[in-house]
Amino acid sequence: LFRKQSRWKLINCRNTNHKALITHKMQPQKDLCGQLNQEWWDNAREAERWKPKYECMKEIFNVLTGCEDTNVEIEYGIKNHQKGRALMKILTRWLINENHVWTRIAILRVMPKLIQAFPKKTIMKYQNELSETIMTKQWTEKKKALWVLATPTLMALWLKTGFELNDYEHREKLIAALKHRGKECRMSAADFIAKCTMYPKRKKQVIALCEDRDIGGILSKLAQSDKDKTVKLAGCLAFVGLNECGALKAKKCNKELPFALEWLHTNKFGRKNLEVAVKEYCRQKTIFVGTATGENDSDVDDEKKSSECMVEERKKKRKTATSCKNKKKGNGNIPMIEPGQIIKTKGGKLSPNGIIKTKHKIKKPKKVIENSPIDRRSLEDNKKALAACGKFKMCNQYQMAQKLETWCKNDMDMLSKPSKIVERVKTMEYVSKDLM
């Protein structure tokens, strides 16, 4: 199937892009900001035309790779530095404003490494600008070497900062990219959605994105009836990812998405495209997620340490609060129990939990065997209970009904208002006795 689908350029060009997202700790690191001279910083801040910008990018590649060629993979990581914020500011400004293709290719090759290296606070300031340029400008380029590098950069940014896909700004830009007339933009947007489904921790964002009204019809058109073969396969890849992460089974999911997946299974050509998309999705998941960067390991370790410290502090506060309560409750001769303290009593030892530890053994109750004779004490108790029950006789309902009828016919006038209260009370006593 892979040989027949020769038009799909994604398969041939993705192997090089996954290496740009290998974890930062697995690679040897270089201090990029420390090795750049003061002349470089002055030239970069003053650069306005494409040529000085491109020369500055050549110097960066010379530090990282040892050669000035900018269209080369970077095998080294980058260390964090105080000037990282200034470098991010310069490169984001160039990526937004510059139209020179090779300068932008060099920036997009370096940018995932910088996003991994620098802390989250520094990158959050340039998050909206980078996502906007990638979705609106870099994906629309016809140059294959450029738009292929845009999606890995956006993935590294999303995994680092965790910006919401369902936000109004990001959602509208993503839907506009799926509707774009250029096939490169539509294919990149669908491929980005498919890659977002490979991370189960971010599944809620994908499910929230599928609740949109427009996205169901747009993705179904891409996978079913798009003119370009590569865009069809990218749409099928997105459907495979949404089905794998469980977004299509959500309650508020757009109803057009599961119907489109059923159509792809039933249609002859759609079924072939889905088979190719399933194989490509499994291949990308093993390469991309197995060695891909999510949050940096250092950030995860810091978060774990901070959470553990918070739990320990809460435990200490609870202990101090319980000790204070016990001290407040101490009145007169009542001992104040502190945590870990054991107080001796007559019966035994009283632990801080309020459990008395006695020295005497507790006798277990005797087992009762069926068809065995009853003790004398229990027999006496049973006799007393039966005698008390025998005092009260069961009422006959028929006799009670007859007495009520006779009383209503003859003695009903005795309860009228002009009669005295004493007479009325006496009549009710007689009636009640007769009924009982």
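Is Cys245 buried or exposed? Cys245 is buried, with a relative accessible area of 13%. Buried means under 20% relative accessible area, exposed means over 50%, and partly exposed lies in between (1.4 Å probe, protein chains only).

## Basis of the model

This is a predicted model: local features need pLDDT of at least 70, side-chain atom pairs count only at pLDDT 80 or more, and totals for chains, interfaces and linings use all residues. Residues are numbered from 1 along each chain as its sequence is written, and side-chain values use heavy atoms, with hydrogens and water left out.

## Cysteines

The count of disulfides is zero; a disulfide is a pair of cysteine sulfur atoms within 2.5 Å. Cys245 is in no disulfide, and its nearest cysteine sulfur, that of Cys210, is 6.7 Å away. Cys185 is buried, at 1% relative accessible area.

## Salt bridges

Side chains of opposite charge can pair when their charged atoms come close. The whole structure holds nine salt bridges. Each is a side-chain nitrogen of Lys or Arg within 4 Å of a carboxyl oxygen of Asp or Glu.

Lys53 pairs with Glu98, with the closest N and O atoms 3.1 Å apart. Lys53 sits in helix H5 (residues 50-65) and Glu98 in the loop between H6 and helix H7 (101-117), so the bridge ties together parts 45 residues apart in sequence. Lys53 and Glu98 are both buried. Helices here are DSSP runs (H or I, at least four residues), numbered from the N terminus.

Glu184 pairs with Lys142 at 3.6 Å between the closest N and O atoms. Glu184 is in helix H12 (residues 183-196), and Lys142 is in the loop between helix H9 (127-138) and helix H10 (144-161), 42 residues apart. Glu184 is buried at 9%, whereas Lys142 is exposed at 61%.

Glu55 pairs with Lys58, the closest N and O atoms being 4.0 Å apart. These two lie three residues apart in helix H5, about one helical turn. Glu55 is partly exposed, at 38%.

## Charged patches

Patch residues have over 30% relative accessible area and no salt bridge, and like charges are joined within 9 Å. Lys and Arg count as positive, Asp and Glu as negative.

Arg45, Lys83, Lys89 and Arg93 form a positive surface patch. Arg93 belongs to helix H6 (residues 84-97) and is partly exposed at 31%.

A negative surface patch gathers Glu39, Asp42, Glu46, Glu59 and Glu68. Helix H4 (residues 38-46) gives the most to this patch, with three residues. Glu46 is found in helix H4 and is exposed at 61%.

How values were computed:
Patch = residues over 30% accessible without salt bridge, like charges linked within 9 Å, V, L, I, M, F, W, Y side chains within 5 Å. Areas by Shrake-Rupley, 256 points an atom, 1.4 Å probe, with all protein chains shown as cover. Charge placed at Lys NZ, Arg CZ, Asp CG, Glu CD.
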